[in-house]
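Here are a few friendly notes to read with the model open beside you.

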Amino acid sequence: MKNVMTTRLTRTWTLRVALTMLAATLVSAQQDQRPVFRATTDVIRTELKVRDSSGKFIPNLSINDFEILEDGVPQKITNMVLTLGGRVMTELVPIAPVASEGLILPPSPPVTDQSGRVFIIFVDDMHIQHKDTIATRKIMEKIRDTLVHEGDLIGIVSTGYSSLEVDLTYDVKKKRFNEAINRVSGSALSPQEIIDASQTADGPAGVRHNTFVAFKTAYDMLEQAEKIQNRRKAFIYLSEGYNFNPYTHSRFKNMQEMYASGTPRSDQSTPGQVGSDNQVSSDDIMRFRNPFETNGQQFAEADLIAALAELTRTARRSNVTFYTIDPRGLQAGADISTRLTNDEFWSNARITTDSLKVLGDETGGFCICDVNDYTKGLMRIDNEMSDYYLLGYVSSNPDPLKVVRRIEIRVKRPGLSLSYNPTYTIKRR
């Protein structure tokens, strides 16, 4: 019994000593610990088309034929992908650059997908008139038959009542594409609905809200597309464009007719009061200052430009090209069912079309606008998506305040022309 007690006391004492020594070690380690700051960086990828003097794509260049400068500083190219006819021909496994102290480089992802192209069909049915539904479906049929080939990854999404949500898939026999085509239905506010809508400080009720719903949907898709690497990605963007402050004169005239039952008397200085049984004429209305062209709404176009700029910055960061398509085709003028003047109609057409052109031009694509034959434009998209280089490098600039970076790519072989996006925007963390 005595031996047992002695053994237990010995084990207890030993355990206490061990715990004391462990605690002292932990305290000492915590006192000696110094903060370690680590920086992480992403591989910057940029698409590049190289042509000779006749416009023919040059497919036989190597990684050593290119030089990349970011804000004038040479960068080391870490990987290169060559795609011909939409298929990946060569893919150089990323070369790990020499890591500096405190810099953690991302691991090279394994190649798990040999698809050459990724298409996101973005149907902004909230900005497509219902009367243009049939035209939009026919355009999607042309996209299906002209642009999408076997082995291409496609995804389809809509912003409104069409409720399209097709995740990225190879879509064998294009079954899901056909189902999406049959469900497309335009649901944009008509000109008369905009004129009759409640007038707010931000313009007609619903106009800005619908625009930002569309941009938010596109932004979410771009965030997902950013995760796809080493593949060319295109947004096929079907919409009739955006305008934050449309039809100002017709809206003002409609407001006067709603709240005034006659023309202003000679002793009245403001419209909107009863003076006779006659309706307010357009000449009487135009003698007064239009509130929809003042009170901050004169900056509506600048607000739209700012929203478009943010979307294009996100697209560039995600290495996505926008190809916008306007289902309206060639426009002859306002419908006789609306009360629009020609000036108002063409002003709205200009602003909405320009918004689509900005999305295309600022991301390396273009707009298929003001045409009735879409085949030529779709074939051009197919060509641009089929032959290209994709170069990648790890930026040597660790400054997080330098948000917009400028890229310059040079090719050592003489007589060649290069086409690429000259800037990109880093993601704010």
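1. The largest nonpolar core has 28 residues, and those with the most contacts inside it are Ile121, Ile143, Phe177, Ile236, Leu238, Ile325 and Ile381. Such a core is a set of buried Ala, Val, Leu, Ile, Met, Phe, Trp, Tyr and Cys residues joined through side-chain atoms within 4.5 Å. Two or more residues each come from strand E8 (117-123), helix H2 (133-147), strand E9 (153-158), helix H3 (175-183), E13, strand E14 (320-325) and helix H10 (375-386). H2 gives the largest share, four residues. Helices (H or I, at least four residues) and strands (E, at least two) are DSSP runs, numbered from the N terminus.

2. A word on the source: this is a predicted model, in which local features need pLDDT of at least 70 and side-chain atom pairs count only at pLDDT 80 or more, while totals for chains, interfaces and linings use all residues. Residues are numbered from 1 along each chain as its sequence is written, and side-chain values use heavy atoms, with hydrogens and water left out.

3. Leu238 is worth a click. Not counting residues up to four places away in sequence, Leu238 touches (heavy atoms within 4.5 Å) a list of residues including Ile121, Phe122, Ile139, Ile143 and Ile325.

4. Arg232 sits in strand E13 (residues 232-238). Is Arg232 buried or exposed? Arg232 counts as buried because its relative accessibility is 5%; the cut-offs are under 20% relative accessible area for buried, over 50% for exposed, and partly exposed in between (1.4 Å probe, protein chains only). Its side chain reaches the backbone oxygen of Glu384 at 3.2 Å.

5. Now for a helix pair. The axes of helix H5 (residues 207-225) and helix H8 (residues 300-317) come within 9 Å and cross at roughly 10°, so H5 is roughly parallel to H8 (angles under 35 degrees count as roughly parallel). Axes are lines fitted to C-alpha atoms, for helices over the stretch in contact, and angles run from 0 to 180 degrees between N-to-C directions. Among the residues that meet are Phe212, Phe215 and Leu222 in H5 and Leu308 and Leu311 in H8.

6. Arg45, in strand E2 (residues 43-51), is buried, with a relative accessible area of 16%. Arg45 and Leu390 are 345 residues apart in sequence and 6.6 Å apart in space, C-alpha to C-alpha.

7. Finally, Lys402 lies in the loop between strand E16 (388-394) and strand E17 (404-411) and counts as partly exposed at 33% relative accessibility. Leaving aside neighbours within four places in sequence, Lys402 is in contact with Asp71, Asn397 and Ile426.

Key. A polar contact is a pair of N or O atoms within 3.5 Å; within protein, one must be able to donate a hydrogen and the other to accept it, and residues adjacent in sequence count only if both atoms are side-chain atoms. Angles under 35 degrees count as roughly parallel, over 145 as roughly antiparallel, 65 to 115 as roughly perpendicular and the rest as oblique.
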